[in-house]
Amino acid sequence: MNTINDWKNVDTAFDLDKPIFDFASSSGRAQWNWRHAVEGVVILGGIGSGKTSGSARCLALKFLLAKIGGLVLTAKADEKEQWEEYCRLTGRTKDLIILEPGGNERFNFMQYESTHGSGQKATDNLIDVLKVAIEAGEQQDAGRSDDQFWKIALDSLITNSIDLCKLAYGEVTVPLLYDVVQSIPRGNKVAQAEEYGKVYNQAFDLARLNIVHKIDAYFATLPTDRQAYISSGQGGDEYELELMDAIPEVRTLKYIDQFFYGFINLSEKTRSVIDFNLSGFLYPFLREPFYSLFCKGNSTLTPEDCLRGKIILINVPVKQYDRVGRNIQILVKYIFQRAMERRNVSVNAKPVFLWADEAQTFIHPRDSEFQATARSSRVATVYISQNTSNIYALMGGGHSGEHRVNSLLGTFGSKLFHANSDIGTLNYGSALIGDAYFEDGSESTTMSDQYSQTKGRSWKFDRAVRPEDIVKLKTGGPLNQFIVEAYLHRQGDPLVKGRNYMRVAFDQRYQP
């Protein structure tokens with residue numbers, strides 16, 4: 001078994017210019033290498049186009065043969081068996097880690113994020129992860145709102161609730177965070193039963209007590225005359241500012257108190273919208289099977305395992321677990337992306353991959369930002385979807401949604417266009433490949449008293465690949481000798497004869 005140091009020794013020599021595919025066409029040959037892979041690839045193809053059984057399968061097998069690790073998200077129930085077969089074919093069965101209900105693996109995400117950084121940094125990690133996952137879910141459920149009030153209010157609730165848990169208990173867990181949020185008093189329910197608000201009040205009292213102990217310890221370090229001056233009641237405001245500088249928790253608790261005072265007195269409707277976004281996201285984690293998978297005990301896996309060649313597959317497919325399965329995988333995906341951005345590629349240079357079929361399901365607001373620098377993190381992102389319309393639909397629609405989709409797609413260096421019947425995807429692929437000059441021949445014949453014939457040649461500027469050319473691509477199966485075709489577009493490096501595109505083919509029968 002390889003040790004961590006063994007992997008480091010191997011990874012530092014990884015050659016990004018090593019080819020993955022060597023394509024041949026009537027125009028010439030072209031190579032697609034690891035440098036291209038870590039710039040990201042989007043695979044688009046309609047139902048039955050062969051994208052999964054053709055290009056995606058071949059690419060997955062190539063990744064596994066290279067002994068790299070990665071994260072696999074699942075939208076469909078059969079993807080687990082699919083990847084088990086890929087790993088069997090490439091001798092990687094022992095490297096496959098499946099996180100699924102009823103399994104032996106666990107990933108306590110709050111515990112994991114709390115260990116990356118100390119103090120405020122660890123708190124900020126948790127806040128950022130929850131904000132991104134919740135925002136992605138809201139965006140896909142009902143379209144993204146342009147009203148910044150709701151976003152700022154939710155961010156503030158997450159931040160102050162996590163800070164309160166940390167001040168009171170020195171940690172934050174999903175059950176604790178949920179109970180605190182659910183028990184925040186309401187302004188119109190002051191005379192409620194004693195039990196209402198118990199968890200919140202206990203947390204606040206404990207946080208205040210912990211800080212009082214810190215203040216007492218600080219006070220004991222002051223000179224005697226200074227202690228006497230403060231005890232006399234003089235310099236109160238001055239001493240408060242001094243405490244906030246000397247003990248950061250004093251400042252934190254002050255602003256927590258101010259926030260919740262205002263939050264408690266919000267109107268019932270406004271308050272319900274804000275706290276339901278957070279508590280509604282957390283609630284599924286309190287129930288099985290997700291509590292055992294993501295909240296209970298210590299983690300048996302971490303994203304860093306992918307740097308040591310492990311393939312982590314999250315088997316909570318969206319088709320089976322719906323919204324909860326999607327939200328969980330978006331959360332894990334973002335944690336993975338953050339972990340890969342922290343890696344030191346000068347020590348461990350081997351690429352890792354991020355794989356998502358039905359990728360539109362797992363897109364979150366930070367994807368464009370991550371993908372823009374994925375090359376330096378050496379993450380080969382592979383997003384597979386039927387068409388661009390699916391992505392538009394799940395990113396809010398309208399002009400702002402269109403800009404977000406174009407921004408995301410623009411960060412991927414390679415795009416594969418398989419047979420499709422979606423007009424938007426066909427026009428996008430054709431326009432992306434661009435225009436070229438073609439020789440247009442013309443001929444005319446006149447039959448009258450005298451016979452005459454005229455021939456001419458002219459140049460016409462037109463799309464290099466027409467939308468109807470993409471429709472006609474081979475889709476595999478016996479009728480096509482199991483050959484699947486696609487147009488490959490590369491930004492930057494020309495593929496063949498100065499062109500950034502070529503028609504490529506994949507064999508569904510490919511065996512490593």
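Biologist: Which residue in strand 2 is the bridge partner of Ala24?

Modeller: Arg29 is that partner. This is a predicted model, with residues numbered from 1 along each chain as its sequence is written. Local features need pLDDT of at least 70, side-chain atom pairs count only at pLDDT 80 or more, totals for chains, interfaces and linings use all residues, and side-chain values use heavy atoms, with hydrogens and water left out.

Biologist: What makes strand 1 and strand 2 a pair?

Modeller: Two strands pair if DSSP finds at least two bridges between them. Strand 1 (residues 19-25) and strand 2 (residues 28-33) have 6 bridges, so they pair, in the antiparallel sense. They form a hairpin, with 2 residues between them.

Biologist: How many helices and strands does the protein chain have?

Modeller: The count is 21 helices and 13 strands. Both are DSSP runs, numbered from the N terminus: helices are H or I with at least four residues, strands are E with at least two.

Biologist: Which strands make up the open sheet, and in what order?

Modeller: The open sheet has 9 strands, ordered 5-6-4-7-8-3-9-12-13, and the pairing is mixed. In general, strands of a sheet pair through backbone hydrogen bonds, either parallel or antiparallel.

Biologist: What makes strand 5 and strand 13 edge strands?

Modeller: Strand 5 (96-99) and strand 13 (501-507) each pair on one side only. Strand 5 runs parallel to strand 6 (residues 311-314), joined by 4 bridges. There, Ile98 stands opposite Leu313.

Biologist: Where does strand 7 find its bridges to strand 4 and strand 8?

Modeller: Strand 4 and strand 7 run parallel and share 4 bridges. Leu71 has Leu354 of strand 7 as its bridge partner. Strand 7 and strand 8 also run parallel, with 6 bridges. Ala356 stands opposite Tyr383 in strand 8.

Biologist: How do you know that strand 7 is mostly covered?

Modeller: Of its 6 residues, 6 are buried. Buried means under 20% relative accessible area, exposed means over 50%, and partly exposed lies in between (1.4 Å probe, protein chains only). In a regular strand the side chains alternate between the two faces of the sheet. Here, Val352, Leu354 and Ala356 are buried on one side. Phe353, Trp355 and Asp357 are buried on the other.

Biologist: Which helix packs on the sheet and touches strand 7?

Modeller: Helix 15 (residues 318-342) does. Helix 15 also touches strand 4 (70-73), strand 6 and strand 8 (379-385). Its direction makes about 160° with that of strand 7 (352-357). Such angles run from 0 to 180 degrees between N-to-C directions, and axes are lines fitted to C-alpha atoms, for helices over the stretch in contact.

Biologist: Why is Asp128 called buried?

Modeller: Asp128 has 12% relative accessibility, so it falls under the cut-off and counts as buried. Asp128 sits in helix 6 (residues 120-142). Beyond its neighbours within four places in sequence, Asp128 is in contact (heavy atoms within 4.5 Å) with Tyr334, Arg338 and Arg366.

Biologist: Why does Gly280 count as partly exposed?

Modeller: Because its relative accessibility is 21%, which is not under the cut-off for buried and not over the one for exposed. Gly280 lies in helix 13 (residues 268-282). Gly280 and Ile134 are 146 residues apart in sequence, and their C-alpha atoms are 9.4 Å apart in space.

Biologist: What makes the contact of helix 7 with helix 8 nonpolar, polar or charged?

Modeller: First, the members. Leu157, Ser161, Ile162, Leu164, Cys165 and Tyr169 in helix 7 meet Leu176, Leu177, Val180 and Val181 in helix 8. By class, the contact has 9 nonpolar, 1 polar and no charged residues. Ala, Val, Leu, Ile, Met, Phe, Trp, Tyr, Cys and Pro count as nonpolar; Asp, Glu, Lys and Arg as charged; the others, Gly among them, as polar.

Biologist: At what angle do helix 7 and helix 8 cross?

Modeller: The axes of helix 7 (residues 148-169) and helix 8 (residues 174-182) cross at roughly 115° and come within 10 Å.

Biologist: Why is Val172 called buried?

Modeller: The relative accessible area of Val172 is 5%, so Val172 is buried. Val172 lies in the loop between helix 7 and helix 8. Leaving aside neighbours within four places in sequence, its contacts include Met110, Leu126 and Leu177.
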